[in-house]
Structures are given as C-alpha cells and as structure tokens.
Amino acid sequence: MHLTDNQLNEYLDEATNERAQIESHLSSCDECAARLSTLQSLFVEIESLPEQALTRNLAAPFTLRPSLPVPQLPTFLTLTVILQAAIALIVLIIAAPFVIQLIPAIEMPSLPNIFSQLQSQWTSWLDILSTFQVPSIPEIPILEMSSLAFVLAGVSVLWILGNGLLLRNQMK
Amino acid sequence: MNAPSDRDLILQARRGEAEAFGELVTRYQTSVFNVCYRILHERGEAEDLAQEAFIRAYDRIHIFDIEREFGPWIRRVAANLCLNHLESQKVTTEIDDERDADSAQLPEAVQEVSERSEQIRSALASLPANYRIIVELRHYQEMSYDEIANELNIPLSDVKSHLFRARKLLAEKLHAPD
C-alpha cells in the first residue's frame, strides 16, 4: 500500500509522528519516492521565488518629516529695524557731547531725599488703602445667590469661554 | 559604531522619534512588500498595503511586545492585511503588465529564470485567497501548522487541507504540459 499525499506533505513539513515508518516505506517503494521527489521540487520552486525591489521608499513618511519653518521677519521690516538702529546710533554720537555738557547743570537729588520721598508716598498709599471699601455686590433675590457664589459662577463662565476660545482651532 | 538593534529602534520610536521607526521600515520594507506582492500579485496594491502595514505597526508600537521579533511580526501583519483586502475585494487578481516590461532585454538565462518566476507568481495568484495566505505563511514565513491555525483562527484540519490542495493546484499549473 502506498503513502497518501497527506503523509508525504506532513513528512516534508516535518509535522508527522510516523517519520520512521514513512522513511522505511520510501526506501522500498520507488513510486512513493518519486512522488516525494516531485513534491520536494515543488517546495524548492515555490521557495526560490526571487524578491522584487520596491519602486518607492516606504520609510519616507517616517524619515522625511518636514521641519518646522523658522519664523522670519519680512524683509522690509528687517531693513527698517536696521535703519532705525543706525539712525539711533548716529543721533547718540552727535548728542553725546551736548549731553555731557548738560549733566553738571542738572541738579540731582541726594539719596536720603529720594528715600524720604518714597517713604512719604508709601505712607500715603497705606492711608488710602486703609480707608478703601469694596463696593458690595448686589444680591439677586430670584436666584438667592450669595455674592461669593455669584463671583465664582462668573469666573467659571469666563474660564469656560476662555478655554473654548483657546481650543476653537483644534476642534475645527 | 554598531547599528542599533530593532529593540533599540522600537524603544526610540516609542519615545516619539519617528526617524527610528523609519530605520525599521528601511530594514524590513522589501520583505514586507514581497509578502504583499506574492499574495496580491499587483505591485501598486502590494506597495500600498506594505505601507499600510507599517503605519498600523507605528500606531501599535506602544503595545508591541518588545520581546517578540519585529520582522516576523510585521510580515504577519502584512499577510493578514492582504488577506482582508482580498476578502473584501473578492475579485480575481489581474496580471501586473508592468512588472516584467524589460524582460525582453535580459540575457537568455536570466530571462528563463524571470519567466519561471513569473509562472510561479501567476500560479500563486490563481489560488483562492485562503489557500494563498496559507502557502505564504508556511513556505515564506516558515510557520508551523499550529501557528498558522492560531494566526488565521481556523481549525488545524483546515490548515492542512488548504495547504495540501494549494500545493496540488500549484503542481498542476506549474508542471502542466505547454
């Protein structure tokens, strides 16, 4: 009795427990040995298929990521800035001798005077703050909300609106 | 300096370095494309699905088991994509006319090999989609019957019967008298 196709396939796939029996049969049966050889040739043919080359680089979407453009000022603005800087420098050079002449004429207040002025300013500010009263927020009788709750609600609405404006572009 | 291992590249890709994943693609793109080309037998589609396989892999890079080998895994992803594609199409694959446009200019021996390769590709392409995928997994990805059954979620008996029938059909086509 000859080997079945399944037995030959499983033998070549190394997926059989009857290996010894199959080999014993093959050694004495030319017909089955020839069938095995034909099947083996088919395996070789299938597996010898050469690899084909790609016509495009599949890595490109991952490696050729466009770099972010560096923000640059318009040319006219750059030129204007340079021109302004140059004019300012020339003016400084021209004005420098006059400024040096004027400096001694200016009466500079002494350091203790400056401190005493600052101290008096600070005291007057403290006086104003001590007498300052925050105007009471009118209560809304219909909603029976306290002024604190009203302020919190207002801040929450503003916060939500602010976030909405910030996320507007991302939601598009 | 040694080239980074696949594992290193995967870890870099997980940190958001797309170029590291690009290096992985460069390493495996030819083998992944050939998986698709053997199954689909159409160059454009094969390249598109190979690209799709890499995009899916990139999306799943954070859940990829780092202990597994990337090459066999991505080839399996590609094979499954092709199978799904064929099942959704359910059309006979047409011969890619452009693939051997220059074969007439090749030396005789090379031309013979090229023609035989083309016959094998055509024979593979003529198989039903579920046979084709099993031939791919067994002969080119060297998976065992059990692995194929697990991969395709089909009984072991189906794996064997589809594979043996596929081989019989291939033998008939390839060894048929001209």
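This passage walks through a predicted model of two chains, starting with how each one is built and ending with a few individual residues. Local features are taken only where pLDDT is at least 70 and side-chain atom pairs only at pLDDT 80 or more, while totals for chains, interfaces and linings use all residues. Residues are numbered from 1 along each chain as its sequence is written, and chains are lettered from A and ligands numbered from 1 in the order in which they are written.

Chain B comes first. Going along the sequence, chain B reads α-α-α-α-α-α-α-α. Of the 178 residues in chain B, 33% are buried. Here, buried stands for 20 or more other C-beta atoms within 10 Å of a residue's own, exposed for 12 or fewer, and partly exposed for anything in between, with C-beta atoms placed from the backbone. As for contacts (two residues whose C-beta atoms, placed from the backbone, lie within 7 Å), residues 24 or more positions apart account for 65% of those in chain B with a separation of 6 or more. Chain A has seven helices and zero strands, in the pattern α-α-α-α-α-α-α. Buried residues make up 3% of the 172 residues in chain A.

Helix α1 of chain B (residues 6-14) has the buried residues B:L9, B:I10 and B:A13. They cover an arc of only 100° around the axis, which puts them on the same side of α1(B); the arc is taken from the directions that run from the helix axis to the C-beta atoms. The cover over these buried residues includes α2 (18-40) and α4 (70-89) of chain B. Just after α1(B) comes B:G16, with a positive phi of about 95°.

Next up are the helix pairs. Two packed helices are described by the angle between their axes and the distance between the axes. The axes are lines fitted to C-alpha atoms, for helices over the stretch in contact, and the angles between N-to-C directions run from 0 to 180 degrees. In chain B, the axes of α2(B) and α6(B) (residues 129-140) come within 9 Å and cross at roughly 140°. That makes α2(B) oblique to α6(B), given that angles under 35 degrees count as roughly parallel, over 145 as roughly antiparallel, 65 to 115 as roughly perpendicular and the rest as oblique. On the α2(B) side, the contact uses B:V35, B:R38 and B:I39, and on the α6(B) side B:R132, B:I133, B:E136 and B:Y140. By class, that gives four nonpolar, no polar and three charged residues. For these classes, Ala, Val, Leu, Ile, Met, Phe, Trp, Tyr, Cys and Pro count as nonpolar, Asp, Glu, Lys and Arg as charged, and the others, Gly among them, as polar.

A second pair is α7(B) and α8(B), whose axes come within 9 Å and cross at roughly 110°. The two helices are therefore roughly perpendicular to each other. Here B:Y145, B:D146, B:I148 and B:A149 of α7(B) meet B:L156, B:V159 and B:K160 of α8(B). This contact has five nonpolar, no polar and two charged residues.

Now for where the chains meet: 29 residues of chain B are in contact with 21 residues of chain A. On the chain B side, α2, α3 (43-59), α5 (108-126) and α8 (156-174) each supply at least two residues. The largest share, twelve residues, comes from α2(B). Sorted by class, the side of chain B that touches chain A has 13 nonpolar, nine polar and seven charged residues.

Finally, some single residues. B:E45 sits in helix α3 of chain B and counts as partly exposed because it has 19 C-beta neighbours inside 10 Å. Its C-alpha atom is separated by 9.3 Å from that of B:C82, 37 residues apart along the chain. B:N153, in the loop between α7 (145-152) and α8 of chain B, has a positive phi of about 55° although it is not a glycine. With 6 C-beta neighbours inside 10 Å, B:N153 counts as exposed. In chain A, the non-glycine residue A:E14 has a positive phi near 55° and lies in the loop between α1 (5-12) and α2 (19-28). A:E14 counts as exposed, with 8 C-beta neighbours inside 10 Å.

Terms used:
Helix = DSSP H or I, 4+ residues; strand = E, 2+ residues; numbered from the N terminus.
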